[in-house]
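Please have the viewer open as you read.

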Amino acid sequence: MLRTLSIIKPDAVEKNVIGKILSRFEENNLKIVACKMVHLTEDRAKKFYMVHKERPFYMDLIKFMTSGPILVSVLEGDDAVAKNRKIMGATDFKKADSGTIRKDFATSIEKNAVHGSDSLDNAKIEIDFFFKNNEIFKR
Ligand code: ADP
Ligand code: MG
């Protein structure tokens with residue numbers, strides 16, 4: 001059983017599709033074991049996306065991710081990290097497979113509806129970034 005971090009980004013929250021996106025996780029046997037709405041400050045967003053600080057889109061990404069509330073969740077299930085990435089689809093929604101979240105809800109390469117951890121190590125770091133241990137449901 002593995003865990004990953006999911007973020008429903010400001011564009012998708014604004015479009016009122018939180019429920020539709022969470023359903024995708026549940027339909028694919030990922031359990032939501034923690035969930036909250038957060039409005040990132042500039043400092044927190046910069047820290048979260050530190051790996052991208054040299055990329056040309058970094059400051060736009062920070063502006064976008066602080067533009068409104070986000071919904072952060074911890075998803076648990078078999079192969080959760082890879083499974084969530086598959087359900088999300090490619091970063092560029094134009095290249096995303098049909099039936100993926102980004103294909104259905106993204107409007108640009110930046111405003112692509114969701115974030116998902118890209119490795120087991122990053123999943124642990126990102127879950128710790130948003131949640132205390134006692135905020136995550138344990139069976
Ligand atoms: P992913 O979210 O699929 O892991 P990355 O980690 O490469 O993708 O990028 C982080 C986020 O930065 C993307 O989800 C997207 O919102 C934004 N982004 C990535 N590439 C670009 C780009 N070329 N132009 C604008 N924004 C981008
Ligand atoms: Mg990434």
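The model is predicted. Ligand 1 takes up the space of the largest pocket. Around ligand 1 you will find K9, H52, F57, L61, R85, T91, R102, I109, E110 and N112. By class, that shell is made of 3 nonpolar, 3 polar and 4 charged residues.

| Residue | Atom on the protein side | Distance to an oxygen atom of ligand 1 |
|---|---|---|
| R85 | polar side-chain atom | 2.9 Å |
| E110 | polar backbone atom | 2.8 Å |
| N112 | N or O atom in the side chain | 2.9 Å |

Taken alone, ligand 1 exposes 530 Å², and the protein buries 79% of that.

The largest pocket holds about 670 Å³ of space, and 24 residues line it, with Y49, V51, H52, L61 and H115 nearest its centre. Two or more lining residues come from each of α3 (42-48), α4 (58-65), β4 (114-116) and α7 (120-130); α7 gives the most, with 4 residues. The lining divides into 8 nonpolar, 7 polar and 9 charged residues.

The second largest pocket has a volume of about 170 Å³. Among the residues lining the second largest pocket are M1, L2, R3, L120, F131 and I136. Both β1 (2-8) and α7 supply at least two residues of this lining, and α7 has the largest share, 5 residues. Here the classes are 7 nonpolar, 1 polar and 4 charged.

Key
Residues numbered from 1 in each chain as written. Chains lettered and ligands numbered in written order. Predicted model: local features only at pLDDT ≥ 70, side-chain atom pairs only at ≥ 80, totals over all residues. Heavy atoms only, no water. Near = heavy atom within 4 Å. Polar contact = N/O pair within 3.5 Å; in protein donor to acceptor, adjacent residues only side chain to side chain. Areas by Shrake-Rupley, 256 points an atom, 1.4 Å probe, with all protein chains shown as cover. 1 Å grid on protein atoms, 1.4 Å probe; cavity = no way out; pocket = protein on both sides within 12 Å on 5 of 7 lines; lining within 4 Å. Sits in = over half its atoms within 2 Å of the grid points. Nonpolar A, V, L, I, M, F, W, Y, C, P; charged D, E, K, R; others polar. Points joined across faces, edges and corners; volume = space filled by probe spheres on them.
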